[in-house]
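Hi,

Here is the structure I said I would pass on. My notes on two spots follow below it.

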Amino acid sequence: MKFKLSTLHIIYIIQIILFLINIMKLNFYKNLRLLTFAFTLLILGQFSANAQVGSTYGFSQTSGTFTPFIGGTVLGVSTNDDQSFTGLTTASTTGIGFPIGFTFRYNGTDYTSFGVNSNGWIKLDTTFFNVPNATLPISSANANHVNIIAAFARDLQGKANLGELSYGLEGVSPNQTLVVQWLNYANFGQTTNPLDTLNFQIRLNETLNSIDIIYGSFDLGTSRAVQVGVKGASTTDFLNRTTTTDWNATVAGATNAATCSITSLILPSDGLTFTFSPLAGDIDPPIITNITVNPLASCSAVAHTIGADITDASGVASAEIIYTLNGVSQPNIPMTGVGSTYSGTIPSSGSNNVSYSIRAIDSSPNAIVGNAVGGTYQDAYLSLNSGPDQLINAGNSAILSASAPLLTTVRITEVILFGGVFGGIGSQTSYPSYMPASVQDDNFEITNLGTDPV
């Protein structure tokens, strides 16, 4: 996902800053808080996700032929275990990467370098590589586990004197192919088991910008669940495969943690080829801009209308608001559109913290999804949250506190000591909102009417 601040974005920023400065009649701290909030909404609202592998790539499979690649550059040793290679034939987590040999376009970005992890996957990058080890990279939340292609991701190890991890280039431009190959590998702990041998390749194809994963001869003496698929710039951008019964009948994974089972009876056939290719036609996601929330802040619990401009060359099929209350996901809210202007309303939520984003799907046959981060707000901004009650004995002291989401200063204007007819130390479960004259000696008041915060 790449973001770029254009001249138009800068103009929008200046306009909204001037607008807020001119119309807001709040105190300085509130102005600053709301201005920062609005600025954040503006910045985030101008960005929508670029190409997503989960929606811009298709999957197919064929029965091909696994041909071992001969004469490639060998990485590490025959018994590689949890090793990353990022530019040197000796293991290293960081480096400048290996040359692909041509420009390979993946997920909307051009790449010329790659890194390898011995656990069955590779990573693409444009600059300095950081490839920490992982056995399940598609579901990994590590920020460095992005732009991943996984053929058979699990805890693997090369067999002594037999295992080989290598890469090389075959073909002639503009039809070259980068081949990354695992020969005579095994599940970790099974390297001496003659019934556990794995052979497979990841192949990047020039011009077509497609990815082939080809499986060779497999023998399994152990059962595992492995990750197979491609991953974009985040944990939510993926296209993976899953099965528990038949590698010839895999289906798309519903989550980034989906796996393919493998046992002595459930394994890829020799020559099975999985292909991930960019979809033809419109693969650009809807563009979501000018996200607004109305009202921006409220003194009471009210509904908030979320608006945005949403456009796409193929038209917009649908749009919806995705939101959470205090971090808990809520049902999505459909947005209605008039021209390119879309809106939807989040119902009143009390004083809950609301975070929201917008998702839109275009009208192309590929049904490309676009996402844009919205922002956060809280109803009842001016409501007070009191600190915990304190029970103290005569002669002792206690610290009382109060706060408000927006206010930087909370002034204590009254502290009441209930006693006598109202239950002494607090046995009365419900107190009146005022003290009658007959018991005024049972309360006292602390007042701060100056300008100094307390």
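A word on terms to begin with: strands (E, at least two residues) are DSSP runs, numbered from the N terminus, as are helices (H or I, at least four). Two strands count as paired if DSSP finds at least two bridges between them. This is a predicted model, where local features need pLDDT of at least 70 and side-chain atom pairs count only at pLDDT 80 or more, while totals for chains, interfaces and linings use all residues. Residues are numbered from 1 along each chain as its sequence is written, and side-chain values use heavy atoms, with hydrogens and water left out.

Strand E14 first. In the hairpin of E13 and E14, five residues sit between the strands, and Thr207 has a positive phi near 70°. E13 (residues 198-205) runs antiparallel to E14 with five bridges, and Ile202 is opposite Ile213. E19 (residues 272-278) is also antiparallel to E14, joined by four bridges, with Phe276 opposite Ile211.

Five of the five residues of E14 (211-215) are buried, so the strand is largely enclosed by the rest of the structure. Buried here means under 20% relative accessible area, exposed over 50%, partly exposed in between (1.4 Å probe, protein chains only). Ile211, Ile213 and Tyr215 cover one face, Asp212 and Ile214 the other.

Then there's Asn80, in the loop between E2 (73-74) and E3 (84-85). Asn80 is buried at 2% relative accessible area. Its side chain has a polar atom 3.0 Å from the backbone oxygen of Leu75 and reaches the backbone nitrogen of Val77 at 2.9 Å.

Cheers

Notes
A polar contact is a pair of N or O atoms within 3.5 Å; within protein, one must be able to donate a hydrogen and the other to accept it, and residues adjacent in sequence count only if both atoms are side-chain atoms.
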